[in-house]
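Thanks for passing this one along. Here are my notes, point by point.

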Amino acid sequence: MPKTKFQDLIFTIIMVVTMVFCMTLYNMAVEFGFRYSTFLDAIREMWPEALGAFIAQRYIAGPVAKKQVSRHFTMGKDKPLFITVAMAGFTVFLMAPIMTLYVAILHNGFVADVPLFWLEKLAINFPAALFLQIFYVGPFVRFVFRLVFKNQLKESGALNKSKMQIES
């Protein structure tokens with residue numbers, strides 16, 4: 001969907017911040033229970049994870065996911081919905097283990113039990129991340145991105161193409 005490097009950077013930032021907020025909120029609710037204060041606590045606590053997620057997405061998961069999707073699908077030939085879901089799936093397939101390990105080390109240090117913390121949290125986080133990415137965060141971020149870059153996308157003709165992709 002992003003057409004320039006700047007747009008790709010902004011898309012990544014919006015996606016990472018939104019997804020990290022949702023996953024931080026989810027993990028806090030699972031661990032401590034869900035209260036109104038959980039929203040503020042998630043915003044306060046999410047920034048080290050957001051930095052790690054940005055780096056992982058930008059330099060590891062994003063490029064690998066794009067490469068995998070382009071190996072299995074052809075733009076213009078395959079249905080855009082399949083390409084979007086595949087991109088979300090490959091991204092979560094890579095980001096969930098990376099981020100769960102990063103957070104396990106960030107919160108517990110390099111201790112002997114890190115693999116156990118990692119596997120336990122991965123079993124909880126992977127399904128939630130996939131569900132959020134496909135049904136909530138991904139569509140929300142694409143909507144926000146189209147609003148922010150409406151004029152640039154209209155000039156490049158991408159807005160009309162993305163509307164046609166959604167309708168088909």
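1. By the rule used here (a side-chain nitrogen of Lys or Arg within 4 Å of a carboxyl oxygen of Asp or Glu), the count comes to four salt bridges. One of them joins the side chains of Asp8 and Arg58, at 2.9 Å from N to O. Asp8 sits in helix H1 and Arg58 in helix H3 (residues 47-72), so this pair ties together parts that are 50 residues apart in sequence. Helices here are DSSP runs (H or I, at least four residues), numbered from the N terminus.

2. Before you read on, please keep in mind that this is a predicted model, in which local features need pLDDT of at least 70 and side-chain atom pairs count only at pLDDT 80 or more, while totals for chains, interfaces and linings use all residues. Residues are numbered from 1 along each chain as its sequence is written, and side-chain values use heavy atoms, with hydrogens and water left out.

3. Next, the packing of H1. Helix H1 (residues 5-32) packs on helix H5 (residues 114-148) at an angle of about 140°, and their axes are 9 Å apart. Axes are lines fitted to C-alpha atoms over the stretch in contact, with angles from 0 to 180 degrees between N-to-C directions. By class, the contact of H1 with H5 has 16 nonpolar, six polar and three charged residues.

4. H3 has a packing partner too: its axis and that of helix H4 (residues 80-108) come within 8 Å and cross at roughly 145°. In the contact of H3 with H4, 19 residues are nonpolar, seven polar and two charged. For both contacts, Ala, Val, Leu, Ile, Met, Phe, Trp, Tyr, Cys and Pro count as nonpolar, Asp, Glu, Lys and Arg as charged, and the others, Gly among them, as polar.

Key: Helix = DSSP H or I, 4+ residues; strand = E, 2+ residues; numbered from the N terminus.
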